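User: Could you walk me through how to read a few side-chain features in a model like this one?

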Amino acid sequence: MIHQDTIVVTSILVSFGIMEALSGYYINSKRRKDDWVIDIVSVAQLAIIIKPSIVFLTGFLMSWIFPNSNGALSHLPVWMGVLIIIIPDEFLHYWYHRKGHEWNWLWSIHKTHHTSPEMNIGVSYRENWLWFVLMPNLWYAAAMVYFGLAKAYIISTMIIGIIDVITHTNIKWDKFLYKYKFLKPFTWVLERIITLPSTHHAHHGIDEHSAPMGNYATTLFIWDVIFGTSHFPHRYPTQYGIENDPNDPWYKQLWDVRHFK
C-alpha cells in the first residue's frame, strides 16, 4: 500500500532531482551505470515491498503479543504521537547506523550506501535489502501504528524522509548558514539539533574534511552530540565513497548477503 508519507517523500526526491539536473550536476557526473540501477531498485524495493511488509508483519505480531492493546494510544494528540515515534526512532537508528560502521559483519551490507562516488538524492535510500529488514526503527515505528498512532507515523516518516533526502542531495543549500557571521549563533544551535548537508556529507566523504566514523544521525543530530560522534567541518568533502572499493556489480550490492556473518 502506498502511504501518504511515501508520496510526499517521493515528491521531494523528484523535486531535488530536477534541481540537481538543472544545476548541471549530471552532465559531468562520476556516477556509473550500476549506481543508477542500485539507487532506483533500492528505493523501489523499500517503498513497494519491504516497508509495507514490515508494517503488516508488525501488526500481525503485535495483535498476537498484545491482543488487547490495539489503538491503546489513539487518544493522544498527534504532536505527542510524533514525539513518541520520532525520538526513539532516531535513537535506535543512530545506534544501528553506528554499529553498521563499527561491526564488520553489519558493514558488509551497509557499505552499499557508501559506494556511490558522489552525493545526490539517489543515495538517500541506497541500501542492501537486508539492511532495511534489520533496521530496528522501522519495526518500532510500525508497532506504534498498531497502538493507534497511524497519523503520527505518517508525519514522523515524512519528516525523517524529507531530511534524509535534503541532506544527501548535491544541492548544498546550507552553505549560506556558514557564510554570514550574524547567523553563527543560530547555526551553532541548529547544527547540533538536526542533521544538515555539510555534516552528513562529511560522513560519506573520504578526504581530510570527512568523518566516516561519525555523524550517524539521520534527523536528530543531537544523538551524535550526546554520544561524542559529532563533527562540524563547515565545508564539503572533495571525495566520496569507500576506501579500496571492490566495485561489486549492482545485484551483489543490493541482494548479496553471503558476507553477512
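User: Is Leu61 buried, partly exposed or exposed, and why?

Analyst: Keep in mind that this is a predicted model. Partly exposed covers the range between under 20% (buried) and over 50% (exposed). Leu61 has a relative accessibility of 34%, so it counts as partly exposed. Leu61 belongs to helix α2, residues 33-65.

User: Which residues make the nonpolar surface patch with Leu61?

Analyst: Phe56, Leu57, Phe60, Leu61, Trp64, Ile65 and Phe66 make that patch, about 800 Å² in area.

User: Now the rings, please. How many aromatic pairs does the structure hold?

Analyst: A pair of aromatic rings is described by the distance of the centres and the angle of the planes. There are 17 aromatic pairs here. Take Phe91 and Phe227: with 6.1 Å centre to centre and 55° between the planes, this pair is tilted. Phe91 is in helix α3 (residues 78-102) and Phe227 in the loop between α11 (222-226) and α12 (250-255), so the pair ties together parts 136 residues apart in sequence.

User: And why is the pair of Trp95 and Phe227 edge-to-face?

Analyst: Edge-to-face needs planes over 60 degrees apart. The planes of Trp95 and Phe227 stand at 65°, with centres 4.9 Å apart, so the pair is edge-to-face. Trp95, with 26% relative accessibility, counts as partly exposed.

User: Which residues do ring pairs link into a cluster?

Analyst: The cluster consists of Phe91, Tyr94, Trp95, Tyr216, Trp223 and Phe227.

User: Where does the charged end of Arg192 sit?

Analyst: It sits over the ring of Phe232, 4.2 Å from the ring's centre. Likewise, Lys172 lies over the face of Tyr236, 5.2 Å from the ring centre.

Definitions and conventions. Residues numbered from 1 in each chain as written. Predicted model: local features only at pLDDT ≥ 70, side-chain atom pairs only at ≥ 80, totals over all residues. Heavy atoms only, no water. Patch = residues over 30% accessible without salt bridge, like charges linked within 9 Å, V, L, I, M, F, W, Y side chains within 5 Å. Areas by Shrake-Rupley, 256 points an atom, 1.4 Å probe, with all protein chains shown as cover. Salt bridge = Lys/Arg side-chain N within 4 Å of Asp/Glu carboxyl O. Helix = DSSP H or I, 4+ residues; strand = E, 2+ residues; numbered from the N terminus. Buried < 20%, exposed > 50% of the residue type's maximum accessible area, 1.4 Å probe, protein only. Phe/Tyr/Trp six-rings, centres within 6.5 Å; stacked < 30°, edge-to-face > 60°. Lys NZ or Arg CZ within 6 Å of the ring centre and 35° of its normal.
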